[in-house]
Amino acid sequence: KGCFAALLQQEDLSVVQRLLLLKYGVKITARMGVNTGIVAAGNMGSEKKRQYTVMGEAVTIAEELEPINKLYESWIAIGALTYEKSADYVDVRLLDRAAMGVAGHPHEVYELLGWKRDKFLDHWNNRPVPPLFIEAWRKLTPEKILGYLHYWDGRKFKDSPFYRDLRTLFDGLAPVAIETIHANDIAARHGFRTEQAELDATLRGYDNLIAGSTLPAGLLNELEQFKEKHAKAAEDWLKILWGWKVQLKEQQGTVLNLQGKIPTADWDELVRFVDTHQKRVECYLKRCSFPAPTDTVGSGLAEHLKGLIVDGKDGMSQADASAKSQERMGVIRGRIDAFLDKLPGRAQEYHEFMADHCETPAYKFKVRDAFDEARKIYLQQNWDAAEKAFKAVLEIDPNDGPATKYIERVAHLRKHPPPKDWDGVWAEE
């Protein structure tokens, strides 16, 4: 279940990544580690303070498996016992033997490649659709609706009645989701304009308290950099955003100079207010900048936002924009609820569709076999042949992270040979 959950979370993360790009202009990633073993679990501590936790060697190794992915550009690493107990259900590749845990003993590290489709279906046979899935979909945001469409377009799932119905639902919701985002942006733009005016008026009221004050050197340097960006901005929307960043940086300096001169609660509120607005402007900057020309949805949303930034004339009041957003969300909720209300009777169709999400692609087995052969040569310290073998892996999958990292490691070991008693175990230097 832990392996199944990790695989499916990586797929859903693709949807969340698109959501965050559309909403904030930022991208996140997450690496995962899964381990199995005996742990001490429960409320631990002293009579004064207790907290639920887990402890033990298996916990330590699980904690280390997550960051060890970075050594191989993999996304899910599992321990040897996890693989042993889940081998009938999942496909893996042996990445390495690494010194891990409190004692630093060698442990096999496996990359989780995918699940065996038939075993996934055996597990879910005659079971209902997970309630957490239904609950999450009843709360879908407009950005996540567009995120699912982006994900499905990239994955190209097999045609089925269930998938056709799903696409029909979401394709119909796409324009509604875009209208909702537009309305939310209009309302937010009104709010930002009003709040900025209020902040400016508040700070002007403190002019007598900060007369003759200067900005700290670090903040002054940032301000000069922002002014330079503002001066060089070629497009109107970009010039306006850098102008706002300059204004907010100056306001930040004013607030810093008010520390100790006004009540602490008032000062804390001003700090929070400026910080919130700085993050909002940065969000606008990233949202307007990230879409590629081929990204029609992202570019369309960015162009609408740019228009709001430049013109400030949206033809709709904040109240009307908020009302439209609520009305459009009502449409989204109604259509999704209608689909979900029928979903319990389509549980097997749902499981068949979900089984396709993390089935191991055929090419990954070719990659794994070639990688295993390359590692054997690598352990023999035949660096030239190992490098050639790992490059052969990249001919199958040019994006294979572990092969790329091993090529880098071979180059290092060629220049800095390991000791004579080297057993191939990776240890943190």
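Modeller: A word on classes before the linings: Ala, Val, Leu, Ile, Met, Phe, Trp, Tyr, Cys and Pro count as nonpolar, Asp, Glu, Lys and Arg as charged, and the others, Gly among them, as polar. The model is a predicted one.

I start with the second largest pocket, which holds about 740 Å³ of space. It is lined by 33 residues, and those closest to its centre are L8, P130, F133, Y350 and M354. Helix 1, helix 4 (117-124), helix 5 (131-137), helix 6, helix 7 (161-204) and helix 13 (347-355) are the elements that each give two or more residues to this lining. By class, the lining of the second largest pocket comprises 24 nonpolar, three polar and six charged residues.

The largest pocket has a volume of about 1200 Å³. Its lining consists of 40 residues, and Q10, E11, S14, W75 and K364 are the closest to its centre. Two or more lining residues come from each of helix 1 (2-24), strand 6 (105-115), helix 6 (142-155), helix 14 (362-379) and helix 16. Helix 1 has the largest share, with eight residues. Sorted by class, the lining of the largest pocket has 15 nonpolar, 11 polar and 14 charged residues.

Searching the whole structure gives one cavity of 30 Å³ or more. The volume of the largest cavity is about 40 Å³. Its lining is made of L21, L22, R287, F290, G298, L301 and A302. Helix 11 gives the largest share, three residues. Five residues of the cavity lining are nonpolar, one is polar and one is charged.

One element of the largest pocket's lining, helix 16, also packs against a neighbour. The axes of helix 15 (residues 383-396) and helix 16 (residues 401-415) come within 9 Å and cross at roughly 165°. Angles over 145 degrees count as roughly antiparallel, and helix 15 and helix 16 are therefore roughly antiparallel to each other. The crossing of helix 15 past helix 16 is left-handed. On the helix 15 side the contact is made by W383, D384, A386, E387, F390, K391, V393 and L394, and on the helix 16 side by A403, T404, Y406, I407, V410, L413 and R414. These contact residues divide into 10 nonpolar, one polar and four charged.

Methods. Residues numbered from 1 in each chain as written. Predicted model: local features only at pLDDT ≥ 70, side-chain atom pairs only at ≥ 80, totals over all residues. Heavy atoms only, no water. Axes fitted to C-alpha atoms, helices over the stretch in contact; angles between N-to-C directions. Helix = DSSP H or I, 4+ residues; strand = E, 2+ residues; numbered from the N terminus. Parallel < 35°, antiparallel > 145°, perpendicular 65-115°, else oblique. Left-handed = near helix turned anticlockwise from the far one by under 90°. Contact = heavy atoms within 4.5 Å. 1 Å grid on protein atoms, 1.4 Å probe; cavity = no way out; pocket = protein on both sides within 12 Å on 5 of 7 lines; lining within 4 Å. Points joined across faces, edges and corners; volume = space filled by probe spheres on them.
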